[in-house]
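Reader: Hi! I'm new to this one, could you walk me through it?
Author: Happy to, let's have a look together.

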Number of protein chains: 2
Amino acid sequence: MPHWKRVTIIGVGLIGGSIGLALRKRGLADEVVGYSRRAETLTKAREIGAIDTACDTIAAAANGAQLVIACAPVRWIPDHLHEAARHCCEGALLTDVGSTKQAIVAALGDLPDRVRFCAAHPLAGSEKSGPQFADEQLFERRVVVITPTPATPSEAVAETSQLWRSFGAETVQRDPAGHDRALAATSHLPHVIASMLAAATSPADLPLTATGWRDTTRVAGGDVELWRQILVENSDNVVQTLEHFETLLKRFRDALVRDDQAAIVQLLAQGKANRDALGS
Amino acid sequence: MPHWKRVTIIGVGLIGGSIGLALRKRGLADEVVGYSRRAETLTKAREIGAIDTACDTIAAAANGAQLVIACAPVRWIPDHLHEAARHCCEGALLTDVGSTKQAIVAALGDLPDRVRFCAAHPLAGSEKSGPQFADEQLFERRVVVITPTPATPSEAVAETSQLWRSFGAETVQRDPAGHDRALAATSHLPHVIASMLAAATSPADLPLTATGWRDTTRVAGGDVELWRQILVENSDNVVQTLEHFETLLKRFRDALVRDDQAAIVQLLAQGKANRDALGS
């Protein structure tokens with residue numbers, strides 16, 4: 001098991017809080033320090049045992065840290081890590097959990113040599129937010145995508161992977177662009193679809209919904225500002241996957257209009273095959 | 001609690017099997033008789049205790065029944081109930097669980113006077129099928145839509161409602177057309193969307209899916225033939241809800257392309273508001 005003296009978590013909501021719990025319950029750090037711009041979030045994070053120490057500036061939180069993990073909404077991650085890089089230990093590892101990777105990795109290309117950076121994205125989370133939903137087992141058996149560039153030191157990749165594997169996660173590597181293309185299809189598109197499906201439903205019809213509507217729209221309950229940032233940062237890929245999805249949807253609608261039973265069955269069967277390939 | 005001497009369930013899969021279990025475990029019938037065109041389904045239904053008696057013809061299954069519940073795929077329900085009407089008791093109640101109502105109610109408008117018919121649709125089920133997934137509690141706290149017409153005898157409506165309420169369900173009434181319009185939005189559209197999202201995802205990207213994709217596509221694992229029938233029977237309404245959804249989706253895509261932050265936030269917030277209105 002790896003061990004760090006002082007770990008700083010920037011943003012102690014659902015993900016940051018779960019990281020803090022996982023570090024502390026597994027004894028992977030001597031001290032876990034949390035930063036949040038909201039005092040109540042910090043208080044709650046300490047209450048649930050996700051952090052040892054609460055700081056209301058990144059400078060104080062990152063001071064002397066060996067490991068800094070940025071868990072803020074994606075737009076803020078580069079600024080937060082630039083700030084942390086000025087205060088952490090010489091040789092510290094900086095990493096993040098952002099849902100988009102190209103923009104973050106590009107914006108952090110000029111970090112000083114005194115720190116190492118390796119980006120990552122745990123495919124875990126929920127429509128809920130805040131440290132009150134934190135769970136030390138959130139990352140168990142989940143996939144974490146590590147997205148190094150050719151410039152990332154290999155031992156920074158190894159240490160980042162080790163961090164996540166020590167939480168029970170499985171790690172895979174992708175380059176930042178490949179990550180963003182894939183996640184547009186597997187996460188960002190589903191969010192847009194779930195949101196627009198919920199938006200398209202008349203409130204008068206809600207009493208006639210059941211588990212189908214409920215599951216298909218679950219992620220639409222996610223934080224609007226968090227998702228605005230993700231979708232805008234990855235908008236080129238999201239627009240492309242949307243166009244592809246819209247083409248399939250129109251093909252299905254045309255098949256219904258033409259009463260083309262073969263096309264209806266073929267499209268439903270294609271969806272079922274992909275869904276069944278994943279298991280329940 | 002109501003009580004029936006002999007109840008016939010036509011189609012003893014997930015829904016029919018769950019009805020049989022609920023009737024037998026609650027002692028609501030002296031005998032539950034099941035019909036399926038598949039011998040293995042009948043055997044399984046008897047094994048799990050969903051039926052007392054298995055019959056391989058509807059004539060034999062419906063013979064002497066006071067209550068007949070058609071749980072077959074929607075296209076077959078009218079024929080099955082016409083056949084049952086020739087063999088059940090004088091004055092028997094015939095009902096069904098079909099996911100579409102207008103076509104079924106219209107096709108059963110000419111049932112003989114010796115039987116009473118009242119259509120219904122329990123908003124319960126899952127992407128799984130077969131009696132092995134049957135659950136006597138499947139209908140507890142679920143909504144069942146009763147869809148009488150002006151021609152439906154009021155005591156048939158009352159008896160059908162009583163049946164479902166004795167399983168712990170809540171009943172609501174809609175006319176068949178109103179049911180089909182609402183369910184197009186709350187059930188059939190989500191199914192098409194989930195299927196096309198699953199179909200649009202490259203199998204190579206499946207390892208990078210998480211709970212978001214998983215939940216949004218869950219219903220895509222449903223039986224293709226069952227859903228083909230539902231979507232085709234309600235195709236006018238489904239096409240209309242699809243067009244409405246596609247308009248919202250295109251509005252969102254345009255907002256992303258134009259980087260119109262206000263429109264992005266407004267659409268995501270509208271989806272979140274509708275989703276949050278339902279609870280988790």
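Reader: Thanks! Let's begin where the chains meet. How many residue pairs are in polar contact between chain B and chain A?
Author: The count is 24 residue pairs between chain B and chain A, with both residues at pLDDT 80 or more. Keep in mind that this is a predicted model.

Reader: Which elements of chain B give two or more residues to the side that touches chain A?
Author: They are strand E8 (143–146), helix H7 (176–200), helix H8 (211–217), helix H9 (224–233), helix H10 (235–258) and helix H11 (261–278) of chain B.

Reader: And how do the residues on that side of chain B divide into nonpolar, polar and charged?
Author: The side of chain B that touches chain A has 44 nonpolar, 20 polar and 15 charged residues.

Reader: How many residues are in contact on each chain?
Author: 79 residues of chain B are in contact with 79 residues of chain A.

Reader: What area do the two chains bury between them?
Author: About 7,300 Å², and 69% of that is on carbon and sulfur atoms. On the chain B side, B:Met196, B:Leu208 and B:Arg275 lose the most area to chain A, together 10% of what that side buries.

Reader: How many salt bridges cross the interface of chain B and chain A?
Author: The rule finds six. One that joins the two chains pairs A:Arg253 with B:Glu243, where the closest N and O atoms are 3.6 Å apart.

Reader: Can you show me one residue at the contact up close? Where is B:Asn274?
Author: B:Asn274 sits in helix H11 of chain B.

Reader: Is B:Asn274 buried or exposed?
Author: B:Asn274 is buried, because its relative accessible area is 10%, and buried means under 20%.

Reader: What does its side chain reach?
Author: The side chain of B:Asn274 reaches the backbone oxygen of A:Thr201 at 3.0 Å. Setting aside neighbours within four places in sequence, B:Asn274 is in contact with A:Ala198, A:Ala199, A:Thr201, A:Pro203, A:Leu206 and A:Trp213.

Reader: Nice. Stepping back, what rotation superposes chain B on chain A?
Author: A rotation of 180°, with 0.0 Å of shift along its axis, puts chain B on chain A with an RMSD of 0.0 Å. That is how a two-fold axis relates two copies. The same surface serves both copies, as 100% of the contact residues of chain B recur in chain A.

Reader: Which residue of chain B comes closest to the rotation axis?
Author: That is B:Thr216, with its C-alpha at 2.0 Å from the axis.

Reader: Okay, new topic: how many salt bridges are there over all chains?
Author: The structure holds 38.

Reader: Last one: where does A:Thr53 lie?
Author: A:Thr53 lies in strand E3 (residues 53–55) of chain A. With 23% relative accessibility, A:Thr53 counts as partly exposed.

Reader: What joins the side chains of A:Thr53 and A:Glu31?
Author: A polar contact of 2.6 Å joins them. A:Thr53 and A:Glu31 are 22 residues apart in sequence, and their C-alpha atoms are 7.6 Å apart in space.

Reader: What else does A:Thr53 touch?
Author: Not counting residues up to four places away in sequence, A:Thr53 touches A:Val32, A:Val33, A:Gly34 and A:Arg46 as well as A:Glu31.

Technical notes: Residues are numbered from 1 along each chain as its sequence is written. Chains are lettered from A and ligands numbered from 1 in the order in which they are written. This is a predicted model: local features need pLDDT of at least 70, side-chain atom pairs count only at pLDDT 80 or more; totals for chains, interfaces and linings use all residues. Side-chain values use heavy atoms; hydrogens and water are left out. Helices (H or I, at least four residues) and strands (E, at least two) are DSSP runs, numbered from the N terminus. Buried means under 20% relative accessible area, exposed over 50%, partly exposed in between (1.4 Å probe, protein chains only). Contact means heavy atoms within 4.5 Å. A polar contact is a pair of N or O atoms within 3.5 Å; within protein, one must be able to donate a hydrogen and the other to accept it, and residues adjacent in sequence count only if both atoms are side-chain atoms. Buried area is the accessible area (1.4 Å probe) that two parts lose on being put together, summed over both. A salt bridge is a side-chain nitrogen of Lys or Arg within 4 Å of a carboxyl oxygen of Asp or Glu. Ala, Val, Leu, Ile, Met, Phe, Trp, Tyr, Cys and Pro count as nonpolar, Asp, Glu, Lys and Arg as charged, and the others, Gly among them, as polar. Copies are superposed by least squares on the C-alpha atoms of residues with pLDDT of at least 70 in both.
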